[in-house]
Amino acid sequence: MRRALGWLAAALVCAAPHARAQDSVFGIRGLGFLDEPLTGRSAGMGGGYALFDGGGVTNPASIAAWTGAVGWAAGAASRRTFDPGTGAQSLTSTRFPLFGFSTPLSPRLVVGIAASDYLDRNWSVEQADTLTLRDSAVAVTDATTSAGGITDLRAAAAYRVSGQWAVGLGLHVLTGSSVTTVRRDFPADTSYHSFQERSSTDYSGVGVSVGVFATPAPTVILGASARFNTRLKATGADTSARIRMPLELAAGVYYAPLPSLIFSSTVRYSAWGAAASDLVAAGQERSRDVWSVGVGLQAASLRMGGQAVPLRLGYRWRQLPFLIGGNGLNEHAFTAGLGLAGARGRANMDVAVELGSRSTGVLTERFTMAVVGVSIQP
Amino acid sequence: MARTFAWRSAGAALLAALAGCGTDLTTAGRCPELCPPGSVQLADTLLASPVLSDTSVRGYVLVREASFLLASNLDSLKSVVLLRFDTLRTRWNPTTTDTAVLGVVDSVRLQLSIVQRDTAAKALRVVLHRLPAQFDTGTTYDLMQPFFADSTLWDTTAAGGIPDTVASGTVTLAAPDTLRPLAGDSGIVALGLSLVSATPTALAIGSGNQGVPAPVLFFYVHGHLISDTLHKDTLSRVLSLQPTFTTFVMSPDPGQPASGVLAVGGIPTARATLRLGLPKEVVDSNAIVRATLILTTLDPVAGFARDSFLLAAQPILRDFGPKSLLYPDSSIAGVAWLHPGQSGQVQLDITRLFRLWGTTTGDSLPRTLALRVVPEGSLLSAANFRGVAAGAGAPQLRVTYVRRHTFGVP
């Protein structure tokens, strides 16, 4: 039974009928596709637990939840379907959007580091056309591919002020690069030779985040965080740009009316509108301020092998900052998951599945994503 | 137990995630919403005078290095073949302990490898003449004419006929029984071959170079053991003689190409060198997707009927004038088929050559190319094109290239 569950978890990752990771066809616009790196537990609860998740990167105070040294990682595999008007296409990808390590330095002070996807710039577009060259019609195929993205490296410290209060401070470094490759083929005429050129863009920026938890009642935790970013510097082969980055605010509630029942929700606001003028100056479409909401439920009614196996359900909705053809892009997903604990709680695996879609105007991308998160406390 | 289960589950899931899931991100573009900014911009231009200078030189493959020997009685080209064979032995060993002495020559055969002939020309006959063994290897057609007089004729009316049905392959001809080394020639047989036919034509036979079989003489001889004091012809033997030197001489001598002419091919083989001057927009372009060298023939392409051949434009590694080194990778060359009698424009695709010049290894190469026939030395075919001084018929270059692509940030 246990072995079967293990393989079921693997199957959830890869055999889901339609899945998304952090990639999207809409990542071609703006700075890329805004990621939402979540642990397997938070993903199963629709992101509602993100603000309180010790493995998350939203609130630096969240690592105060760790009572010992811990390392964690999440992997996500996805399949997407997208119809650009010429027939539905199935896309797949695999990412490892989050990993980190944290350890207490004292009974009250916990420090940690984490790396997570911030903006994803993995996409590939292929177009066919017919040109008139040397007085003849020549079929051409253009493929533009981007690979890479921007990673958020965070060093954080959290301090348990009292039994009711915890605060945290995070220092963020945004770093990464993307390589764009342009290729033109002449599939029907060997007289013409293919052309390919690539260009790399490097990204850098810094940010600071602060967070707080308050426990007004034994079953309720309130949380809030804010993140301030400097401009993001994008440096290409022969040009560069500086993009204002958003102020990011988040607030949430954690409610556990029963020991085996948890309700959690997180609301976030990101002032991406600040980047609009810089993006327009760089030849991109405008960006907008965005909201996101996640709600989730965890019930630990199922037991397996003497261990509680929490079941999770959730829903999330969010706006994405970069406009597509002047229209806003929204995303929503239903989520479900479960947690498996081993080694007396020192080795945990959380599995989640998301079913959702994102759409703008008449364009819709449907996705299914499987997330597997692992945390190890040696 | 629980610990083992957790590790197995995590391992299985992550292994599957790593190995079992592929990545396919490619979608069809939906413009303008989901198309990348900027597009590939092509430009097509005809460069009317891309060649700064040209030279043609003959002599890359000499007559004696050619794979064929040419006998011709064409009005436009007279040619005779000169052969010097190995020494005819006067003794041989029928067994490991016996020695035989050459007696009577019963018959002689000359085996030729026909490389090419005009099948429309009938009644071809190879006529054999005696030559002094030590004829001058640098001789000319005119100097050899005295040796092709009636007095030197070795042929008889029964010898030298090539069946009309034979277009290529090996033929063995009866040679006169009197074909023996001349006195004072140290047993060396030297022959001159000329051609007689019903209508003027040319015949190419193998020379022994480049793997093409050379003419061979077979002597069917009788002899006797050296111990046989009665000299009874009790032994027979076939002695074969391979040539030690083969060449042919022709008139008129092709000489060096005239100034302003791009000459390729022929024997001795000619090559032409073109030094290009490319405009900045082509040099600075991202990539050449098609480049075509356009040549104009000066006169119809020469050669045997149906003897098409390849014209190649090959990059040069170092420009030392006539002794320039060709770039060793022949796959870079642009090629075009030429057909005897063809005239007008000839186009060669030299895109690979431009691509080579655009690489870091090829950037230091001179923007110079050599025109030559392929393979050299095994064809009589030749072509002459108009050079840079010809004005309207001068070489042109048509280039389709990608303008500088702007990626932009972010």
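Guide: Let us begin with pairing: two strands pair if DSSP finds at least two bridges between them, and the strands themselves (E, at least two residues), like the helices (H or I, at least four residues), are DSSP runs numbered from the N terminus. This is a predicted model, in which local features need pLDDT of at least 70 and side-chain atom pairs count only at pLDDT 80 or more, while totals for chains, interfaces and linings use all residues. Residues are numbered from 1 along each chain as its sequence is written, and chains are lettered from A and ligands numbered from 1 in the order in which they are written.

Visitor: What makes β2 and β25 of chain B a pair?

Guide: Strand β25 (residues 396-402) of chain B and β2(B) share six bridges in the antiparallel sense; because at least two bridges are required, they count as paired. Within this pair, Asp44(B) stands opposite Thr400(B) of β25(B).

Visitor: How do you know that β18 of chain B is joined to β25(B), and what joins β18(B) to β22(B)?

Guide: Strand β18 (residues 287-296) of chain B runs antiparallel to β25(B), with seven bridges between them, and Ile288(B) stands opposite Tyr401(B) in β25(B). Five bridges join β18(B) to β22(B), again antiparallel, with Thr292(B) opposite Asp349(B) in β22(B).

Visitor: Why do β2 and β22 of chain B stand at the edges?

Guide: The open sheet has four strands in the order β2-β25-β18-β22 (chain B), with antiparallel pairing. β2 (42-47) and β22 of chain B each have a single partner strand, so one side of each is left without a neighbour in the sheet. From one strand to the next the twist averages 15°, where axes are lines fitted to C-alpha atoms (for helices over the stretch in contact) and angles run from 0 to 180 degrees between N-to-C directions.

Visitor: What divides chain B into domains?

Guide: The bounds come from an automatic or database domain assignment, which gives domain 1 (42-61 + 255-402) and domain 2 (78-251) of chain B. Their centres, taken over C-alpha atoms, are separated by 41 Å. The contact (C-beta atoms, placed from the backbone, within 7 Å) takes six residues from domain 1 of chain B and four residues from domain 2 of chain B.

Visitor: How confident is the predictor in chain B?

Guide: On the pLDDT scale, the predictor's confidence in each residue from 0 to 100, the mean of chain B is 85, and 92% of its residues reach 70 or more.

Note on methods
Contact = placed C-beta atoms within 7 Å.
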